Each structure stands twice: as C-alpha cells, then as structure tokens.
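Open your viewer and get your selection tool ready. We will walk through this protein one stop at a time.

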Amino acid sequence: MTHYKSIVVLTGAGISAESGIQTFRASDGLWEEHRIDEVATPEGFKKNPALVQQFYNARRDALLHERIAANPAHMALAQLEREWLTRPGHQFLLITQNIDDLHERAGSEKLIHMHGELLKMRCELSQQVFTIHHDIGGDDICACCGEKGRLRPHIVWFGEMPLKLEQIYRALANCDLFLSVGTSGNVYPAAGFAQEAKQADAYTVEINLEPTKQNDLFDKHFYGKAGETLPAFVDSLLSR
Ligand code: BJW
C-alpha cells in the first residue's frame, strides 16, 4: 500500500454546494443569472462599480446568513489536516478557489484562497486588505487613503493574477497525493494543477458529481456528493 507524505487539495464551488452556496456553471448557477464580463472582470468594475459591489454585497449577505454552515466535506478536510500534520515529515496544503469562509469555519488553517475572500475588501491605491462583514458602497471612505470609491472586493477577477501562486506551484511540485473536490476544471490556472501534480508523479484523485474536463488527468474518481464521498476517502487515508 502506498504511503503518501505530502497532500495538496484543490476545492471549488461544489464543496460548498451542500452548504447552500450557489455554484457557477450549473443550470441554476451564478453565471446563468449574471454576465461574467459585467461582474467578474476589472473592466466590468470600472464600467459599473455599483453593479459589481451589489453582486458581492448580496453574496456576502447570503454567506453570513445563520443557515449557512460548513458541511461534512469541509469538516473532513480540516480533520485530515489536523491528523496528517501530527505525523512526522508529513505535509498538507488546501487550496480553495472559493471566496467563502467555510473551510475556516470547519477549522482548516493550511489554506490558500487563490481567488480572494468575500469577507475582505482592498484599497485600490495602497492594496491594503481589510476584513468586512458589511456592504461596500461607492461613497465609502477608505480608512487608509481617506478617498471615496477606492474600496473594491478582495476578489480575483478574470484577467487578474490569482494569489500565492508561487507557494502553490512549490507545493504541487512536491506533492505525492493531489485531491480535487467540486471544481469543473474550466478556469485556469487552477484547472492546470492536476497536470502539475502528475508531472511531480503524484497520485491524483477527483471527487465530483460527474466527470469533468480534467477527467483523464485523475488516477481515481469518486462520483457523488462531496459531503458523502469525501469523509469516507479521508477516513481511508487516515487509517493507513
Ligand atoms: C459538486 C457538488 C457536490 C456541484 N459535490 N461536486 C484560455 C486558456 C487558458 C486560460 C485562459 C484562456 N482565456 C482566458 C484565460 C484565463 C482565465 C480563464 O481560465 N478563463 C477560462 C474561462 C478559459 N483565467 C484567469 O483570468 C485567471 N487569471 C489568470 O489566468 O491570470 C494570468 C496567469 C498567467 C499565468 C499563470 C497564472 C495566471 C483568474 C481567474 C479568476 C476566476 N474568478 C472567478 C470569480 C471570482 C470569484 C467569485 O466571484 O466567486 O472564480 S470565476 C469562478 O470560476 C470563480 C471560481 O473560483 C472559478 C472556478 O469555478 P468552480 O469552483 O470550478 O465552480 P463551477 O461552478 O464551475 O463547478 C462546480 C463543480 O462542482 C461542478 O463540476 C459540479 O459538478 C461540482 N459539484 N455540487 C461534489 N455536492
């Protein structure tokens, strides 16, 4: 039986679907209701900042609703990190494309939000990042530069550079198990991570409701809800 030492996990919108958060590309997903170029590009923000702020304000409100909570899939990854890192020489990194904070709520700590965070905003002038639990408005004055209209959601839009890529590629180059959960594999560079892991000779595992665009890059697939399949997979890893 193979003994893995270094695990990298990539999560996407599917892991939060069972918590009541909309995915992007499903028939009832966010991109059916909103135009990507209007709400998820720097050009869209420049053209109509109020519309973009409204889009993220509404999603922030929804995330902070009391009915939203981490689900068994988020919990399983937090447990995996906790127990894996007690083993000498073992490594773990969780990379999420999600901007919600459900991994943190479950207890994950070795975590990168490569597409930003909904509960943070950023000053466009100083790049200083602030935590927020309220709406951002066009008239808001930035605490660092004192100017109006300089605050934007701390989100990586299309055409912008995802966060902490250097750290991510370093981890991928050293991993021996790569696990992808609930992502459609449509958006780069995240969609290229399985290929990077394969080049490092890692064993690659995918959990999704259905086959994805990256299907051929995975050694093993588990089809089903992440909240059901992931805890069982984590149990099998931890019992080795
Ligand atoms: C379940 C489930 C359950 C459901 N259990 N599973 C041509 C070729 C290559 C690249 C490009 C290209 N043209 C343009 C690009 C670059 C572009 C890109 O990739 N475009 C594509 C559309 C082609 N990428 C970028 O611009 C990125 N930046 C960049 O490339 O910088 C330059 C660079 C150069 C060199 C190296 C590195 C970088 C930035 C991308 C920013 C993405 N931003 C968004 C929105 C902001 C965040 C937000 O508002 O929330 O991020 S787009 C949106 O898609 C969001 C997500 O994080 C991202 C991925 O979506 P995800 O998570 O996969 O969701 P879905 O809905 O697609 O899939 C859900 C899956 O879950 C499905 O498969 C379901 O089956 C499954 N599922 N329930 C298990 N219960």
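How many salt bridges are there between domain 1 and domain 2? The count is zero, where a salt bridge is a side-chain nitrogen of Lys or Arg within 4 Å of a carboxyl oxygen of Asp or Glu.

Before going on, a word about the model. It is a predicted model, in which local features need pLDDT of at least 70 and side-chain atom pairs count only at pLDDT 80 or more, while totals for chains, interfaces and linings use all residues. Residues are numbered from 1 along each chain as its sequence is written, and side-chain values use heavy atoms, with hydrogens and water left out.

**First stop: the two domains.** Select 6–20 + 70–115 + 163–238 for domain 1 and 39–66 + 119–155 for domain 2; these bounds come from an automatic or database domain assignment. Their C-alpha centres lie 28 Å apart.

**Second stop: the interface.** Here seven residues of domain 1 are in contact with six residues of domain 2 (heavy atoms within 4.5 Å). The two domains bury about 500 Å² between them, 63% of it on carbon and sulfur atoms; buried area is the accessible area (1.4 Å probe) that two parts lose on being put together, summed over both.

The structure holds nine aromatic pairs, counted when rings of Phe, Tyr and Trp (its six-membered ring) have centres within 6.5 Å; planes under 30 degrees apart are stacked, over 60 edge-to-face and the rest tilted. Select F45 and W157: their ring centres are 5.2 Å apart and their planes meet at 45°, so this pair is tilted. F45 sits in helix α4 (residues 42–47) and W157 in the loop between β6 (151–155) and α8 (165–174), so the pair ties together parts 112 residues apart in sequence. Helices (H or I, at least four residues) and strands (E, at least two) are DSSP runs, numbered from the N terminus.

**Last stop: the backbone.** Most residues other than glycine have a negative phi, and most peptide bonds are trans. Now select Q127, in the loop between β4 (116–123) and β5 (129–131); its phi is positive, near 65°. Then go to P189, in the loop between β7 (177–181) and α9 (193–199). The peptide bond from Y188 to P189 is cis, with omega near 5°.
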